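Visitor: Please show me the structure, and then let us go through a few questions about it.

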Amino acid sequence: MKNNYTEKQVEKMLNKMAQEAKPAKEFQERLKMQLEEKFQQKSHKNNFWNSLFRFKLRFAGALVAIILTSTTIYAYNSDSVVRGDLLYPLKTATERVEGFFARTPERRALYYEKMAKRREAEIRNMENKDLHYRETVTERERLLKLSRQEDVKENSNDRKIEEKERPLEKEKEVKEKRALEERKKPPKTDFLDRDRKNM
Amino acid sequence: MAEFENFRKYYQDHMPQIYGYIYLRARQNRALAEDLVSEIFLKAIEHFNQFSEKKGSFRSWIFQIAKNHLKDHFKARKNDENISIEKLINTLKPDVDTQKSAQLEIEKESLKNAINSLKDDKQEVIALRYFSGYSYTEIANLTGENENKIRVKTHRTLKELKNKLESLKFETNEE
């Protein structure tokens with residue numbers, strides 16, 4: 001015996017089964033709690049990495065600030081930073097800022113005096129540098145002179161050797177020429193003498 | 001915390017559908033379905049920062065996670081699941097106790113077994129249509145197939161289920 005189903009009946013059976021396949025409320029609540037826990041763990045983990053990243057960023061920022069400040073302080077205070085140096089614009093900029101704050105005529109006078117003294121120190125420094133420059137130029141010239149002298153000596157030695165070797169070479173040439181000439185001469189014929197004797 | 005509230009809203013809206021889909025695909029095993037659904041949503045919350053509504057709907061996103069998770073699950077239990085259809089049909093015969101119990105219970109068991117003997121893509125269509133309650137358009141969007149093709153596939157699967165149920169009933173009656 002074969003029972004016949006219609007497709008509608010199969011659909012009905014499927015729908016009925018699907019009704020029973022609903023998630024239990026307890027399971028839904030349990031999973032919701034699990035998810036919340038997981039989310040908190042995740043956000044805690046993220047917070048750690050975020051704070052580490054923020055710390056790194058702050059550290060890098062602080063390092064850059066320290067380097068910039070110390071460079072500015074060095075440029076401002078050093079007399080050896082003179083016109084033409086890389087840090088000189090930084091020095092003058094700092095001085096301009098200082099000048100900006102000198103508002104009263106008295107303070108301005110003091111400021112200009114201070115700046116004049118600073119320029120003087122720079123000039124002295126540049127003069128020292130110039131002195132060193134001149135010393136270096138003199139040293140360079142002395143060394144060039146020494147080098148030329150050594151060159152002259154070496155050339156004269158070469159000439160002497162050449163003069164010694166020249167006669168020997170000439171003799172050699174003469175000998176070679178003679179040998180060539182001898183090779184070019186026709187050989188002496190003995191058979192003529194023999195014929196004369198026979199006659 | 002706003003992010004979790006957002007996720008909770010999605011969870012409440014989509015959890016029953018995902019559960020229905022997983023329940024059918026996990027051989028109507030409630031305990032296994034609960035485990036799998038938990039794992040899927042935990043995975044989803046782990047990667048929730050990667051989800052963007054601009055890229056696609058939450059439904060497609062969670063469905064993709066569910067599908068991949070099921071695939072991994074079946075791959076891991078390939079040996080256990082490797083039952084031939086013939087073997088399955090033998091198990092479809094309800095035992096004496098079931099025969100004695102209500103007719104509806106027998107039918108339900110037969111239907112479960114008939115569904116489990118279907119091919120994966122057909123099981124998927126049945127799961128999405130009847131257990132998740134999606135429309136044909138929604139199924140087409142989720143699977144990336146043509147809507148008409150989905151309609152035809154559903155119709156053919158119903159026919160196949162009908163035939164399987166009839167043959168099962170015939171075998172049971174013969175015995």
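Guide: Helices, which are DSSP runs of H or I with at least four residues, are numbered from the N terminus. A pocket is found on a 1 Å grid over the protein atoms alone, as an open set of points where a 1.4 Å probe fits, with protein on both sides within 12 Å along at least five of seven lines, and its lining residues have an atom within 4 Å of a point. This is a predicted model, in which local features need pLDDT of at least 70, side-chain atom pairs count only at pLDDT 80 or more, and totals for chains, interfaces and linings use all residues. Residues are numbered from 1 along each chain as its sequence is written, chains are lettered from A in the order in which they are written, and side-chain values use heavy atoms, with hydrogens and water left out.

Visitor: Which element gives the most to the lining of the second largest pocket?

Guide: The lining includes A:Tyr5, A:Gln9, B:Leu104 and B:Leu111. Two elements give two or more residues to this lining, namely helix 7 (103-116) of chain B and helix 1 (7-20) of chain A. With six residues, the one that gives the most is helix 1 of chain A.

Visitor: Is B:Gln28 buried or exposed?

Guide: B:Gln28 sits in the loop between helix 1 and helix 2 of chain B, and it has a positive phi of about 55 degrees although it is not a glycine. Buried means under 20% relative accessible area, exposed over 50%, and partly exposed in between, with a 1.4 Å probe and protein chains only. Because its relative accessibility is 7%, B:Gln28 counts as buried.
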